[in-house]
Amino acid sequence: MAKVYVFDHPLIQHKLTYIREKSTGTKEFRELVDEVATLMAFEATRDLPLQDVEIDTPVSRTTSKVLAGKKLGIIPILRAGIGMVDGILKLIPAAKVGHIGLYRDPETLMPVEYYVKLPSDVEERDFIVVDPMLATGGSAVEAINSLKKRGAKNMKLMCLIAAPEGVKAVEEAHPDVDIYIAALDERLNEKGYIVPGLGDAGDRLFGTK
């Protein structure tokens, strides 16, 4: 069964408060999301494998650790997921970035895939799927479906804020995908917004309404 990690680091919680605050402007909101994504990536990559290498320090020869060459990929769910990419790339600049675009069908309310562009070596990479909000879970479930049907085998889902309904949906559809979040909120309202949440992440990131 998937594990759910809720990050209680003081810096993440502090910055998340200002992300939630409705008076926070677009520029500051964007910067804060970027910073929290970096902090979350630090935690979400804790299990990356290491290998020993021999190096020479100015004092002596020693055995030290480097990453074991695992190929990584970052997959933002368009459009709001883009706001988290640069923050992760600060820590793992060699990661490849793919994109998955989804929209909600106005009649069925189900997510529909309209754009997918992934690294060519999908089967060899571990992916971090990113989206600021995990509300109903529909987009996250479909994005993971999209990756799996193209050969991806290992992935994590990283979101700023989640509703219990969204977490449950991902757990049921993809029990092999661990979920990393900065906050688990109360519920969804009748419009499908997370309560207390932060509003529409895409509109706040890009200054649209």
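User: Leaving aside neighbours within four places in sequence, which residues is Ile 194 in contact with?

Analyst: In this predicted model, where contact means heavy atoms within 4.5 Å, Ile 194 is in contact with Met 133, Leu 134, Ala 135, Ile 161, Ala 162, Ala 163, Asp 185, Arg 187 and Leu 188. Local features need pLDDT of at least 70, side-chain atom pairs count only at pLDDT 80 or more, and totals for chains, interfaces and linings use all residues. Residues are numbered from 1 along each chain as its sequence is written, and side-chain values use heavy atoms, with hydrogens and water left out.

User: Why is Ile 194 called buried?

Analyst: Buried means under 20% relative accessible area, exposed over 50%, and partly exposed in between (1.4 Å probe, protein chains only). Ile 194 has a relative accessible area of 7% and is therefore buried.

User: What makes Ala 201 buried or exposed?

Analyst: The relative accessible area of Ala 201 is 5%, so Ala 201 is buried. Not counting residues up to four places away in sequence, Ala 201 touches Phe 29, Ala 80, Pro 132 and Met 133.

User: How do you know that strand 4 and strand 6 pair, and in which sense?

Analyst: Strands (E, at least two residues) and helices (H or I, at least four) are DSSP runs, numbered from the N terminus. Two strands pair if DSSP finds at least two bridges between them. Strand 4 (residues 71-78) and strand 6 (residues 99-104) have two bridges and pair in the parallel sense. Ile 77 stands opposite Ile 100 in strand 6.

User: How many bridges join strand 6 to strand 7?

Analyst: Six bridges join strand 6 to strand 7 (residues 111-117), and these strands run antiparallel. Arg 104 stands opposite Pro 111 in strand 7.
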